[in-house]
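Open the structure in your viewer and keep the selection tool at hand. The stops below follow one another, and each begins with something to select.

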Amino acid sequence: MSGDPDRIEVLPVLPSLDIAETLAFYRDELGFAQIVHHTPDYLIVRRDEMELHFWRTDDARLPEKTSIYLRGGGIAALHAEYRAKGVRHLTDMQVRPWNMEEFYIHDPHGNLLRFGRVPQR
């Protein structure tokens, strides 16, 4: 992440019903290949400047009601990569009524990943 010790970063912490299954999905399908921390109850993975944390829960309702938003200029390239890999639950990229170009992915436990950028003109 940032080399600036004074920079404040916001990092999502998502619920996971099975940390091993979460790791396999995010590493193998979404390319979060850098494993920062891995125990049966907590996982931290990175891909470039994106870092995601996961905590273990037995409550299946939690991930089904959780989402995060990842925004930036590299979203179109990510979508193309995920489309080529055949990532499960990948939506098309489209401009939403709130004027953001977005695509979505649900992870195996139901967490909604929303990827977006300002539409290219």
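Two strands count as paired when DSSP finds at least two bridges between them. Keep in mind that the model is predicted.

**First stop: strand β8 and its partners**

Select residues 101-106, strand β7, together with β8. These two strands run antiparallel and are joined by 6 bridges. Within the pair, glutamate 101 stands opposite arginine 117 of β8. The two strands form a hairpin, with 5 residues between them. In that turn, pick glycine 110, whose phi is positive, at about 110°.

Is strand β8 itself, residues 112-117, enclosed or open? Of its 6 residues, 5 are buried, so β8 is largely enclosed by the rest of the structure.

**Second stop: salt bridges**

A search of the whole structure gives 11 salt bridges. Start with glutamate 29 and arginine 88, whose side chains meet at 2.7 Å, N to O. The pair links distant parts of the chain, 59 residues apart: glutamate 29 belongs to helix α1 (residues 19-29), and arginine 88 to the loop between α3 (75-85) and β6 (94-95). Glutamate 29 has 19% relative accessibility, and because buried means under 20%, this residue counts as buried. Arginine 88 is partly exposed, with a relative accessible area of 40%.

Next select glutamate 81 and arginine 47, which form a salt bridge of 2.6 Å, N to O. Glutamate 81 is in helix α3 and arginine 47 in strand β3, so the bridge ties together parts 34 residues apart in sequence. Glutamate 81 is partly exposed at 26% relative accessible area, whereas arginine 47, at 13%, counts as buried.

Then go to aspartate 59 and arginine 61, a salt bridge in which the closest N and O atoms are 3.0 Å apart. Aspartate 59 is partly exposed, with a relative accessible area of 23%. Arginine 61 is exposed, at 55%.

**Last stop: a charged patch**

Which residues form the negative surface patch? Select Asp4, Asp6, Glu9 and Glu49 to display it. Glutamate 49 lies in the loop between β3 (42-47) and β4 (50-56).

Note on methods
Residues are numbered from 1 along each chain as its sequence is written. This is a predicted model: local features need pLDDT of at least 70, side-chain atom pairs count only at pLDDT 80 or more; totals for chains, interfaces and linings use all residues. Side-chain values use heavy atoms; hydrogens and water are left out. Buried means under 20% relative accessible area, exposed over 50%, partly exposed in between (1.4 Å probe, protein chains only). Helices (H or I, at least four residues) and strands (E, at least two) are DSSP runs, numbered from the N terminus. Patches are made of residues with over 30% relative accessible area and no salt bridge: like charges are joined within 9 Å, nonpolar side chains (Val, Leu, Ile, Met, Phe, Trp, Tyr) within 5 Å. Accessible areas come from the Shrake-Rupley method with a 1.4 Å probe; for residues, only the protein chains shown count as cover. A salt bridge is a side-chain nitrogen of Lys or Arg within 4 Å of a carboxyl oxygen of Asp or Glu. Lys and Arg count as positive and Asp and Glu as negative; His and the chain ends are not counted. The place of a charge is taken as NZ of Lys, CZ of Arg, CG of Asp or CD of Glu.
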